[in-house]
Amino acid sequence: MRALHRFAETVAAGLLAVIFIAFILQIALRYVFDWPVGWTAEISLVAWLWLVLWGAAFVLKDEEEIRIDVLEQAFGPRVRRVARAIGSIAIVVLFGMALPATWDYVSFMKVESTSYLKIRFDWLFSIYLAFAVAVIVRHLWQIVELVRAPRMQPVDPPSS
C-alpha cells in the first residue's frame, strides 16, 4: 500500500512540475520571444485539473481532509461516530447515484477536444470518474472502520 501511495505522490509531483514548466515556458515565449502561445495555458489547466482530483483521490489522507467539525466537538464519541457514519453513508449513496450519469457524460464527451492540444474531453475528465470511485471506496472503508472501532479516536492529533 505504501508503494501505491508513493506512486500517487510521484504522479502529483510530476503534474505540479508540468504546471511549473508550462508557466515558465509561457512567460519566456510571450515576453522574451514575443510569441504568445495558448497551448501552455491549456496544458497548465489540464495538469491542474488532474492534480487536484488525483491528489484528492489518491494522495490526500483521511486525516488531512478539511472538515468543519464545530458541531462535532459538542458531542461525545458515540454521537460523533454515528454522525460520521451517517455522513459517509450519505456520500456513498450520493456519489453512487451520480456515478452512472457521470460515466455517461464523460463517455459522451469523446466528441469534443481541447482547442490547442486536441485532448479528447473524455480522457480529460476521466480523472473525475477515478476521483468519484475513490471517494466511494474511501467512505465505505470509513464506515467499516467506524463500525469496528470500539471508541472514537481524537479528531485532532496531539500537538508535539
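Trainee: Which residues line the second largest pocket?

Mentor: Rolling a probe the size of a water molecule over the atoms shows where empty space is left. Here the lining is E65, I66, R67, E72, A83, R84, G87, S88, I91, H139 and Q142. (A pocket is an open set of points on a 1 Å grid over the protein atoms alone, where a 1.4 Å probe fits, with protein on both sides within 12 Å along at least five of seven lines; lining residues have an atom within 4 Å of a point.) This is a predicted model: local features need pLDDT of at least 70, side-chain atom pairs 80 or more, while totals for chains, interfaces and linings use all residues. Numbering starts at 1 along each chain as its sequence is written, and side-chain values use heavy atoms, without hydrogens or water.

Trainee: Which helix gives the most to that lining?

Mentor: Helix 3, with five residues. Helix 3 and helix 4 each supply at least two. (Helices are DSSP runs of H or I, at least four residues, numbered from the N terminus.)

Trainee: At what angle do helix 3 and helix 4 pack?

Mentor: Helix 3 (residues 77-108) and helix 4 (residues 121-148) pack at about 155°, with axes 9 Å apart. (Axes are lines fitted to C-alpha atoms over the stretch in contact; angles run from 0 to 180 degrees between N-to-C directions.) The two are therefore roughly antiparallel, a label for angles over 145 degrees.

Trainee: How many aromatic pairs are there?

Mentor: A pair of aromatic rings is described by the distance of the centres and the angle of the planes. This structure holds five pairs (centres within 6.5 Å). F95 and F131 have ring centres 6.2 Å apart and planes at 70°, so they are edge-to-face, meaning over 60 degrees. F95 lies in helix 3 and F131 in helix 4, so the pair ties together parts 36 residues apart in sequence.

Methods. Angles under 35 degrees count as roughly parallel, over 145 as roughly antiparallel, 65 to 115 as roughly perpendicular and the rest as oblique. Rings of Phe, Tyr and Trp (its six-membered ring) pair if their centres lie within 6.5 Å; planes under 30 degrees apart count as stacked, over 60 as edge-to-face and the rest as tilted.
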